[in-house]
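Have the model open as you read.

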Amino acid sequence: YFQIRKILQTIHYQPCDWTLFSRTGLGGRFSRIPFIFPGRDYQWRKYQDFSALGSDIFVAAALAPTVSLNFQLADPDAIKEVIGSRARFPKPLELYKPLLFFGDNIVASEHNEWKRYRKISAPAFTEPNNKLVWDETIRVINDLFDNVWGNQDEITVDHILEVFMPATLFILSAAAFGRHIAWNDEVLPPSGHQMTFKGALYIVSHDYLFKMILPNWAMVLTQRLKKLNVAFDELERYMVEMIRDRKNRTADDIEPRYDLLNGLLDACEDDLGGDSKLTERELMGNIFVFLLAGHETTAHTLCFAFALLALYPKEQEKLYEEIKTVLPDGRLPTYEDANSLVFTNAILNEALRMFPPVNGIPKFSAEDTVLPMTNSSGEKVFVPVPKGSNITLHTPGLHYNPKYWPDPHTFNPSRFLGDWPRDAFLPFSGGVRSCLGRRFAELESIVALTMFFSKYRVEIKEEPQFAGETFEQKKERVLDTMPRLTITPVRIPLVFKRR
Ligand code: HEM
């Protein structure tokens with residue numbers, strides 16, 4: 001009764017999108033049917049629902065599976081308030097349960113447990129680790145150029161994701177686990193293992209979603225699922241071996257290592273002992289979550305950045321001009337160049353604005369409270385939020401909000417040169433729970449952009465079946481997305497022509 005009364009009161013004062021089924025449950029699995037299902041693409045309708053309802057905060061209200069209110073936020077002040085107060089707006093941990101299968105970890109925790117993980121994890125993301133990310137990205141891309149693409153003048157890639165999923169995985173493997181993987185590595189598993197580390201990592205990072213959504217008994221139903229099960233076991237064993245191996249080293253035989261695993265182990269040792277140490281299970285949980293958080297997100301961002309640059313050759317030429325100026329004589333970028341590549345950074349930001357990989361960040365209200373908002377007449381108002389309401393930081397809604405991003409559907413990296421509305425940009429979340437790997441992802445992307453575009457002119461592959469399409473149709477096709485754990489490109493076929 002109280003829930004229903006709260007709902008009636010709320011929808012009386014706040015614009016509302018009513019559906020029978022909620023967004024987070026079953027309702028998010030089907031196409032939109034007004035008043036029944038919110039639609040699979042509800043998060044990727046960008047600013048559309050806010051515009052239709054005439055407000056930068058609206059309520060998604062549902063009756064099933066339980067009566068619920070979900071405040072959708074595309075207002076920078078409201079979002080700032082939420083990310084600025086972790087105690088008032090914690091994470092709804094039940095949504096993060098699937099991330100616990102390797103062990104408790106920083107992403108799927110709250111309160112004191114999260115504080116402890118953050119305190120131990122944050123020091124691993126150090127300057128030397130950033131430098132390692134930079135160097136490893138160069139190594140992985142050079143390996144691709146030299147040993148896979150060879151001396152060909154033109155390379156056609158049917159879907160650029162086929163390049164960036166392995167590339168980001170190899171970089172992460174080196175920078176997180178300290179294990180180098182080469183593109184052409186095809187060795188037999190070491191004794192006692194059924195799979196190589198690369199094989200296990202590859203399968204887990206591709207198919208982990210099945211493990212998250214299927215019950216254990218279902219994991220033997222197909223060959224693919226059985227293989228996934230073995231890959232999980234194998235990866236776990238490799239991680240245990242790596243952890244024990246590092247712990248057993250003596251002071252003399254350790255050359256300095258700056259990968260994240262080492263950082264976590266060091267932090268455990270340097271710490272006060274007792275509670276501040278991570279157990280082996282927690283170490284694995286955290287390292288595994290770095291793998292998940294850092295792999296697909298970066299790969300997808302690079303895919304969209306490359307697609308946008310292929311669609312907009314003028315912006316690609318501006319990028320090339322910057323690369324020629326900052327890196328004369330075609331030299332490789334050094335870590336010190338990162339801040340001079342201003343336009344390259346702007347391209348990355350614009351790709352993240354238009355295609356934020358994490359497109360909804362869930363929170364809930366731990367108390368009856370209010371959120372500030374600018375209404376359609378430009379006045380500051382306060383929106384009451386009842387205790388227990390779900391809240392979604394609607395990243396695409398914010399990133400396409402025309403009040404802060406004029407002409408939001410246009411690819412215009414220059415909007416990030418000079419002054420830009422920082423509070424209206426949330427690809428890495430914000431506040432104390434912002435992304436720990438932000439610099440990791442940025443550096444990796446900057447190296448990738450400079451190395452590929454200094455060597456190649458990139459175009460969309462011409463295909464006979466699309467011969468008659470207009471630019472707008474081509475853009476829509478190439479930038480098409482699928483709603484998965486992160487926003488996923490459907491197919492981006494590219495041609496790389498040597499400059
Ligand atoms: C373009 C790439 C990336 C994007 C867009 C991104 C985005 C995000 C977002 C939105 C969150 C908040 C999630 C939430 O509240 O549920 C987050 C958290 C996190 N990310 Fe990233 N991320 C990226 C790359 C990485 C990388 C490369 C790593 C590590 C190697 C990483 C590690 C983490 C961790 C550990 C957290 C949890 C922080 C905490 O809760 O205290 N991320 N990321």
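## Helix 10 and helix 14

Let's start with a crossing: helix 10 and helix 14 cross in a right-handed way. Keep in mind that this is a predicted model. Helix 10 covers residues 280-311 and helix 14 covers residues 438-455, and the two pack at an angle of about 35 degrees with their axes 10 Å apart.

On the helix 10 side, the contact is made by Gly294, Thr297, Thr298, Thr301, Leu302 and Ala305. Helix 14 answers with Phe440, Ala441, Glu444, Ser445, Ala448 and Leu449. Sort the residues of this contact by type and you get 6 nonpolar, 5 polar and 1 charged.

## Helix 10 and helix 6

Helix 10 also packs with helix 6 (residues 161-177), here at an angle of about 145 degrees and with the axes 9 Å apart. This crossing, of helix 6 and helix 10, is right-handed.

Helix 6 brings Leu161, Phe164, Met165, Thr168, Leu169, Leu172 and Ala176 to the meeting. From helix 10 come Ile287, Phe290, Leu291, Gly294, His295, Thr298, Ala299, Leu302 and Cys303. The tally for the contact of helix 6 with helix 10 is 12 nonpolar, 4 polar and no charged residues.

## The nonpolar cores

Which residues have the most contacts inside the largest nonpolar core? They are Ile287, Ala305 and Phe306, in a core of 94 residues. Helix 10 is the top contributor to this core, giving 19 residues. Phe306 touches Ile160, Val458 and Leu494, once residues up to four places away in sequence are set aside.

## Helix 4, a two-sided helix

Helix 4 runs over residues 111-121, and its buried residues are Trp114, Tyr117, Ile120 and Ser121. These sit on the same side of helix 4, because they cover an arc of only 135 degrees around the axis. Turn to the face pointing away from that buried side and you'll find the exposed residues His111 and Asn112.

## Leu265 in helix 9

Helix 9 (residues 260-270) is where you'll find Leu265. Is Leu265 buried or exposed? It counts as buried, because 21 other C-beta atoms lie within 10 Å, and the cut-off for that is 20 or more.

Leaving out neighbours within four places in sequence, Leu265 is in contact with Arg246 and Lys247. As for Leu278, 13 residues from Leu265 along the chain, the C-alpha atoms of the two are 8.4 Å apart.

The peptide bond from Ala64 to Pro65 is cis, with omega near 0 degrees. Pro65 belongs to the loop between strand 2 (57-64) and strand 3 (68-73).

Phe35 is exposed, because it has 9 other C-beta atoms within 10 Å, and 12 or fewer is the cut-off. Asp407 is not a glycine either, yet its phi is positive at about 50 degrees. Look for Asp407 in the loop between helix 13 (395-399) and helix 14. With 9 other C-beta atoms within 10 Å, Asp407 is exposed.

Technical notes
Residues numbered from 1 in each chain as written. Predicted model: local features only at pLDDT ≥ 70, side-chain atom pairs only at ≥ 80, totals over all residues. Helix = DSSP H or I, 4+ residues; strand = E, 2+ residues; numbered from the N terminus. Contact = placed C-beta atoms within 7 Å. Axes fitted to C-alpha atoms, helices over the stretch in contact; angles between N-to-C directions. Left-handed = near helix turned anticlockwise from the far one by under 90°. Nonpolar A, V, L, I, M, F, W, Y, C, P; charged D, E, K, R; others polar. Arc of directions from axis to C-beta. Core = buried A, V, L, I, M, F, W, Y, C linked by C-beta atoms within 7 Å.
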